[in-house]
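Please look through the sequence and the structure below before reading on.

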Amino acid sequence: MGIYKYSYRFNAMHDTSADGDDLHVHSFEVVFFLRQKVTMFYETEKLINQYMEKYVGKNLNEVMEQRPIVENIAELIFNEINDLRDEFDVIRLEISDSPVQTYILGVEEV
């Protein structure tokens, strides 16, 4: 069984400072590595797009309960996407908010 790789890009704001005085915008890229149990990948793509819409253009401090750093964003997306359906599994997720660093979750061989 093969693995699908799907990239999703969006802009959002967050403030990771202790005093709440550093709200700034990032262009995020989330790369999903999916083990698909059915062959209709476009349905999975549509589902991921619908889920990810809640982050587009938003202040992540208002959308998330945890502090919106890339590690927490990755954990939240990884867990919630995996809970959506049984037809696929996210086996690896990569997230970046800059071109020079990426956080990787689920480092199963791909």
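Is Glu 80 buried, partly exposed or exposed? In this predicted model, Glu 80 has a relative accessible area of 27% and is partly exposed, because that value lies between the limit of 20% for buried residues and the limit of 50% for exposed ones.

Side chains of opposite charge can pair when their charged atoms come close. The count of salt bridges in the model comes to 3, and another of them is formed by Glu 29 and Arg 9, whose closest N and O atoms are 2.9 Å apart. Here again the pair links distant parts of the chain, for Glu 29 belongs to strand 2 and Arg 9 to strand 1, 20 residues apart. Glu 29 counts as partly exposed at 23% relative accessibility, whereas Arg 9, at 61%, counts as exposed.

A further salt bridge joins the side chains of Arg 92 and Glu 94, at 2.8 Å from N to O, and both of these residues are buried. Glu 94 is found in strand 3, which covers residues 88–98, and its relative accessible area is 16%, so it falls under the 20% limit for a buried residue. If residues up to four places away in sequence are not counted, Glu 94 touches Glu 29, Val 30, Val 31, Phe 33, Thr 102, Tyr 103 and Ile 104. Glu 29, the salt-bridge partner of Arg 9, is therefore also one of the residues that Glu 94 touches, at heavy-atom distances within 4.5 Å.

From these charged residues we can turn to the nonpolar ones. In soluble globular proteins, nonpolar side chains tend to be buried together. The largest nonpolar core of this model has 28 residues, and those with the most contacts inside it are Phe 32, Met 52, Ile 77 and Leu 93. Strand 1, strand 2, helix 1, helix 3 and strand 3 each supply at least two residues of this core, and helix 3 gives the most, with 7 residues. Leaving aside residues up to four places away in sequence, Ile 77 touches Val 30, Phe 32, Tyr 51, Met 52, Tyr 55 and Leu 93.

Key: Residues are numbered from 1 along each chain as its sequence is written. This is a predicted model: local features need pLDDT of at least 70, side-chain atom pairs count only at pLDDT 80 or more; totals for chains, interfaces and linings use all residues. Side-chain values use heavy atoms; hydrogens and water are left out. Helices (H or I, at least four residues) and strands (E, at least two) are DSSP runs, numbered from the N terminus. Buried means under 20% relative accessible area, exposed over 50%, partly exposed in between (1.4 Å probe, protein chains only). A nonpolar core is a set of buried Ala, Val, Leu, Ile, Met, Phe, Trp, Tyr and Cys residues joined through side-chain atoms within 4.5 Å. A salt bridge is a side-chain nitrogen of Lys or Arg within 4 Å of a carboxyl oxygen of Asp or Glu.
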